[in-house]
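Please look over the sequence and structure before reading on.

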Amino acid sequence: MPTNKVNVPNYRFIGKNYTTPDMVAKVTGKSKYAEDFRAEGMLFCKLLLSPMPHARVKRIDASKALALPGVKGILTADELPPPAAFITDDGVMIPPDPRAERGLTNEPLYQGEPILAVAAVDEETAAAAIELIEIDFERLPFAVDPLVTLSPGGPNTRNEGNVWVVPPPAPPKPGERPAGPLLPDVKEFKWTDAEYAEYKQGKLPVSKPSMEWSYGDIDAGFKKADLVMDETFVTPNTSDQTLETRTAMAYWQNGKLFVHCSTQSTAQTVPAIARWMSMDTTNVVVISEYTGGGFGSKVTSGIILTVPALLSKKVNAPVMLRISREEEHFLGRARPGLHGRMKAGFTKDGRIVALDMFVVCDGGPYGPQGDANASGRIVSLCYTPENMRWRGINVITNTPPRGPQSQPGGAQGVMIMEPLLSNAARKLGLDQVAIRRINAPSGKAGIGPAIKGKRDHVTSAFVPEALDKGAELFRWNERKNQTKKSGTKARGIGVAVSAYSAGSIGFDGLFVIKPDGKIYVQTGIGNLGTEAMIDCQRVVAEVLGVPWERLEITWGSTAKHLPWSCPSGGSQTIHAMTRAAHAVSMDAKLKLQEIAAMDLGGKPEDYEVGGERVYRKGGGAGMSLAQAAQRAIKLGGKYDGHELPPEIAKMTKASATALAGQGLLAVAKDKYKRDGISNSYVAGFAEVEVDLETGTYRITDYVGVADVGTVIHPRAFGGQMFGRTSLGWGHALAQKWVYDQHYGAPLAKRFYQNRPPTILDVPVSNFKWAAVDIPDPETPVGARGIGEPPVGAGASAVLNALADALGEQIYRRAPVTADIILMALETGKPGDEPLTAHI
Amino acid sequence: MAEMKNPEETTKTLSRRDLIKGVIAAGAVSSAGYLFRASGVRAQQPSAAGSVERLVTITVNGQQRRVDVMKQETLATTLRYKLGLTGTKLGCDRAECGACTVLIDDVPHYSCSVLTQSVRARKVVSIEGLASADGKLHPMQQGVVEEQGFQCAFCMSGFIMSAVGFLKVNPKPTRTELAHGISGNLCRCQDYDKILTALLKGAENMRRA
C-alpha cells in the first residue's frame with residue numbers, strides 16, 4: 001500500500017516513444033566512434049605488455065626498435081607525469097597516490113600491463129618495433145587467487161602486502177571544509193592455521209576483515225531466530241567487454257590537448273585527463289560523439305589514453321592507439337568476483353532478523369574496489385534485515401584492474417544472498433515470493449550502516465508492488481505447482497529481488513533560445529546508446545510546451561560549450577539530468593515571463609509559457625519565443641548570459657560565457673531538495689528447462705518488473721531492462737575468467753572464451769518487462785535510473801530456478817555450466833569446485 | 001509449427017559454393033590481421049615474380065575502386081583505412097563478434113577474416129551502400145530507426161548487413177528463424193530483444209518496398 005504515491009501528470013512527451021536524433025547517423029554508418037577519426041600526419045602506436053604477472057623492469061634496450069625506419073618515438077613509464085595532487089571543482093583535494101594506476105609501469109602488477117609504447121608511421125611498423133625491444137625483468141612474487149595470497153605463507157601480491165586498508169577520514173577542524181579521502185594503504189593479511197584448515201575443507205574462513213560496519217544488534221537478532229543458515233557463494237570475475245575497445249587518438253594545438261576517446265561522460269572526462277596529465281582543465285578538449293558501450297568500464301574513459309596524448313606531444317604529431325580485443329581484456333576493466341559467506345537468522349514466517357555477511361573481494365592490483373562495501377549496502381536495502389553486520393577484505397591480486405560493471409557490488413551481493421534465501425524458504429516451507437515480500441523494502445527504507453545510531457534511507461521503494469505485479473504477469477501461483485520432471489527434462493522457476501543506486505543530484509542544465517525560435521540544448525552527458533543523454537531533454541520540451549522537433553541537441557565535444565553533467569555510471573543520468581533539465585527549463589520560463597511583463601505590462605506571474613509563446617494567462621497579449629530571444633539579446637545581463645548565477649560549475653560558466661549574446665540563455669544548477677538516496681529496484685522471475693542427459697539448460701521465459709519511478713522513454717527503457725537482465729543471465733550461464741594459477745596467465749581473453757550471451761542464449765521471444773509506475777516523490781519528474789538492478793535479478797532468478805528444478809545440492813558458485821550440473825546429478829553433491837578463483 | 005522453417009535448413013538454401021567460399025575466406029585469417037597500411041616503409045620491396053598484384057580493383061557499394069593492398073590485408077582494413085568506409089566496425093578482428101559483417105555477392109561475411117585480394121571481381125556492400133544515393137534509407141535501416149533498435153550501435157552495421165543477407169534467402173522469417181540467421185553477431189549491450197523487433201520491422205518494410 002503506497003503511502004507516498006504521486007499523481008502521474010498527463011505528460012505530452014515524458015513516457016512516450018519517439019525516435020532519438022542520433023539514429024540516422026547510426027544506421028547509415030556515419031556515426032563516428034573514436035577509431036573512426038583521422039588527423040593529418042597521424043601516427044599509430046603499439047603497446048608492449050608485460051609477459052609476467054608481477055615483475056620489475058631492470059633494463060630496457062630500445063635501440064634496435066628506434067633504428068627501424070618509420071619509428072618516430074618511444075614512451076616509457078619514466079616519462080609519465082608524476083602523480084600530483086588534484087583539487088576538484090568542489091574544492092576537495094585528492095592527494096597524489098603513488099600506488100594508483102598509470103598508463104605505463106616499471107613494475108607490472110598483472111600479466112598484460114603496458115610497459116612502454118612505440119609510435120610509428122603505421123601500426124605494422126610499430127608492432128615490428130615492439131618485437132625488437134629487449135627488456136630484463138626481475139620476477140616478483142604473485143597470486144591470481146585472493147585466497148592463495150591470504151593463505152599462511154602465501155605470496156604477497158604487492159611488495160608491501162596484499163590487502164587495501166582505507167584509514168577513516170580525519171574529522172574536519174571547526175570552520176574548515178572536510179578533507180578529501182585519505183590514501184588507501186597496503187597491509188599484509190594472512191589466515192591463521194585454523195582458518196586455513198577451514199579453507200581446506202571447502203569453507204570460506206571468516207578471517208580478520210579490512211572493513212566492517214553494522215547496525216542493530218546481530219547477537220540479539222540471532223537469539224530471536226527460529227532458523228539459522230550459514231552458506232558460502234562465489235561470484236565470477238567478468239570482463240566488461242564493451243564491443244568498442246578503449247581506442248584513443250590525441251593531438252595538440254596551441255598548447256591544448258585534443259583527445260578522441262570512448263567515454264561514459266563527455267564533461268567529466270576533462271578533469272580526469274587533466275588529473276592524469278597534470279595539466280589545467282582549460283587546456284583539455286574531449287571529443288566523444290558515440291561510445292560503443294561502457295557498462296561502467298569507461299566512466300571517465302580510461303587512463304591508457306594518456307599514452308597517445310604523451311606520445312603525441314613527444315613526437316609532435318597526432319597519435320592513434322588502437323586497442324585490440326586481447327589488449328581490451330587487460331585494460332578494459334572487469335567486475336571483481338566476491339567470495340561471500342552469509343549467516344542469516346530467520347523467524348518462522350521468513351523475516352530476516354539477523355544477517356552476518358562476510359566477503360572477500362578479488363580486487364586486482366589497483367584499488368580498493370567499492371564492490372565489497374556496495375554488496376553489503378545493497379543486501380541491507382534489498383532484504384531489510386533487522387540487524388546486520390558486514391565485514392570484508394579488499395584483496396589485491398595480480399590480475400587485470402577491476403572497475404565498475406553494471407550494478408557493481410550490488411549484483412554480487414544479490415547473487416550471494418539469493419540462494420540462501422531460497423534455501424531458507426524451502427526449509428521453512430514458505431513460498432519464494434512470500435519470503436521476499438516479507439523482507440522487501442518499502443517507503444523510505446534504510447540502507448547501509450548506522451552512523452552514530454542513525455542509518456541513511458532511500459527516497460522511496462515500492463518493491464512489494466513490483467513483486468505482486470511480477471507474480472501476476474509470470475502467473476507464479478499457477479506455475480509453482482507445475483510438474484518439475486518430465487522424461488529427460490526438468491523445469492524450475494525462480495524469483496529474485498535486486499536494488500541499486502539510481503540517481504545523483506546537483507548538476508547543471510544549459511540551453512539557448514535563439515531568434516529562430518529553436519531551443520539549442522547543450523549536454524555534457526556521454527552518448528552510450530541508452531539514449532539517456534537525449535531522453536533527459538524531453539523534460540525541456542515538456543516544461544516549455546514546445547514541439548520536440550524545435551529542440552537542437554549539441555553533444556560530444558567539450559569544444560562545443562557543454563555544461564557540467566553527471567557521468568553516465570551508476571544509473572545517475574535519468575535522475576540527475578532530468579532534474580537539471582527541469583531546473584534550466586524553469587529558469588527559461590521565468591526569464592520569458594519577465595521579458596513579457598517588461599514589454600507587455602503586468603507581472604511575470606500573469607504570463608504562461610506554451611505553444612512556442614509566452615502569453616498572458618487567459619488570453620491576450622504575448623510574444624513568440626523567437627521575439628523573446630531577440631529581446632533577451634537587447635536586454636543583455638542575465639537574459640542573454642552576460643550575467644550568470646554564481647552556483648553553476650566552472651565548466652558550465654565557461655560554456656555559458658562562450659554562448660552569451662546569442663539569444664535567451666537559460667542556465668541553472670539542480671538545487672531541488674531530496675530526502676534520501678535514490679535507488680531503483682527490480683523483481684525478476686525466470687523459468688529454466690534443464691536437459692538431464694547433457695546438463696545444458698535454457699531460460700524459457702522471464703518477467704522483470706521495475707520500481708524506477710516515472711519511465712521517460714519506454715522503448716529505451718525496455719532495451720535497458722532486457723540488456724542489463726541479459727548481462728545478469730551471462731553471470732549465471734557462462735561468463736567467467738580462467739587462469740593458469742601456476743604462471744599467473746589468463747586463458748580466457750576473448751569473446752568465445754569468456755562467453756557473453758549470444759542472441760541464441762537468451763529468451764528473445766519470451767521476455768516481459770513492466771514498471772510499477774509510481775513516480776519517485778523526491779525528484780521533479782519522478783524518474784530514477786534503470787541500468788543496474790536488472791543484473792542481479794536476472795542472474796539470481798535463473799540460479800534460483802535451477803535449484804527449483806534440480807534441488808539445492810547443485811552449485812555453490814556461478815556461473816553454473818553443464819559440467820557442474822552433470823557432476824551434481826551423478827554424485828548428489830554440488831558439482832563445482834567450492835573456492836578456487838578463476839576456474 | 002508447420003510455418004516455421006528449420007533455420008539450419010535455411011542456410012542450405014545458400015549455394016554450397018557460396019558457403020564453401022565463405023569458409024575458405026574465413027579460414028585464411030592473416031596473423032597480421034590488425035596491422036595495416038601497405039604503404040608502410042617495410043613493405044616497399046619490388047614485387048617478386050609470382051607474387052600477388054598489389055593494385056586491385058574491387059566493387060564496393062556499386063563503385064569500382066582501385067586500391068593498393070598488401071597480400072595479407074583484410075577487407076575490413078581496406079574498407080576502413082583505405083576507402084574511408086568506417087561504418088564497418090572492428091570489434092574483435094578474429095571472427096568472433098560480427099561487427100565487421102559486409103555482403104560479398106549478397107552473402108554476409110566477416111570482413112575482418114576475408115582477404116581483400118580474394119574479393120577482386122566480386123560485389124562488396126557495406127553499411128554505407130544500403131541507403132540510396134539521394135539519402136533515402138534502406139527499408140531495413142528504416143525499420144531500425146522506427147523501432148529504436150540497438151543501444152550503442154557499435155554492432156549495428158554488422159547486424160544490419162547480416163539481416164539483409166539472411167533475408168535474401170528467407171524474406172519472411174519467424175522471430176526464431178531471424179534470431180538464428182543473425183546469431184553470428186554479438187551485441188554487448190545485449191539489446192537482443194529490441195534488435196530482433198527492429199530487424200523484423202525492417203524485413204516487413206523490405207517486403208512492402
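## Domain 1 meets domain 2 in chain B

Four residue pairs are in polar contact across the interface of domain 1 of chain B and domain 2 of chain B, both residues being at pLDDT 80 or more. A polar contact is a pair of N or O atoms within 3.5 Å; within protein, one must be able to donate a hydrogen and the other to accept it, and residues adjacent in sequence count only if both atoms are side-chain atoms. On the side of domain 1 of chain B that touches domain 2 of chain B, β3 (101-104) and β4 (107-110) of chain B each supply at least two residues. β3(B) gives the most, with three residues. Strands (E, at least two residues) and helices (H or I, at least four) are DSSP runs, numbered from the N terminus. By class, this side has ten nonpolar, eight polar and two charged residues. Ala, Val, Leu, Ile, Met, Phe, Trp, Tyr, Cys and Pro count as nonpolar; Asp, Glu, Lys and Arg count as charged; the others, Gly among them, count as polar.

The domain assignment, automatic or from a database, gives chain B domain 1 (10-40 + 52-129) and domain 2 (131-209). Their contact (heavy atoms within 4.5 Å) takes 20 residues from domain 1 of chain B and 17 residues from domain 2 of chain B. The two bury about 1500 Å² between them, 63% of it on carbon and sulfur atoms. Buried area is the accessible area (1.4 Å probe) that two parts lose on being put together, summed over both. One salt bridge is counted between these domains. Asp106(B) pairs with Lys168(B) in a salt bridge, with the closest N and O atoms 3.7 Å apart. The rule asks for a side-chain nitrogen of Lys or Arg within 4 Å of a carboxyl oxygen of Asp or Glu.

Residues are numbered from 1 along each chain as its sequence is written, chains are lettered from A and ligands numbered from 1 in the order in which they are written, and side-chain values use heavy atoms, with hydrogens and water left out.

pLDDT is the predictor's confidence in each residue, from 0 to 100. Chain B averages 83, and 75% of the residues score at least 70. Over residues 1-47 of chain B, pLDDT stays under 50. Where pLDDT is low, the predicted coordinates should not be read in detail.

## Chain B against chain A

The contact takes 53 residues from chain B and 65 residues from chain A. About 5100 Å² is buried between the chains, 58% of it on carbon and sulfur atoms. Four salt bridges are counted here. One of them joins Asp36(A) and Lys89(B), at 2.3 Å from N to O.

## Domains 1 and 3 of chain A

Chain A is assigned domain 1 (39-140 + 246-321), domain 2 (334-450 + 459-503 + 676-827) and domain 3 (506-669). The C-alpha centres of domain 1 of chain A and domain 3 of chain A lie 38 Å apart. These two domains bury about 1600 Å², of which carbon and sulfur atoms give 53%. The rule finds zero salt bridges between them, but eleven residue pairs in polar contact.
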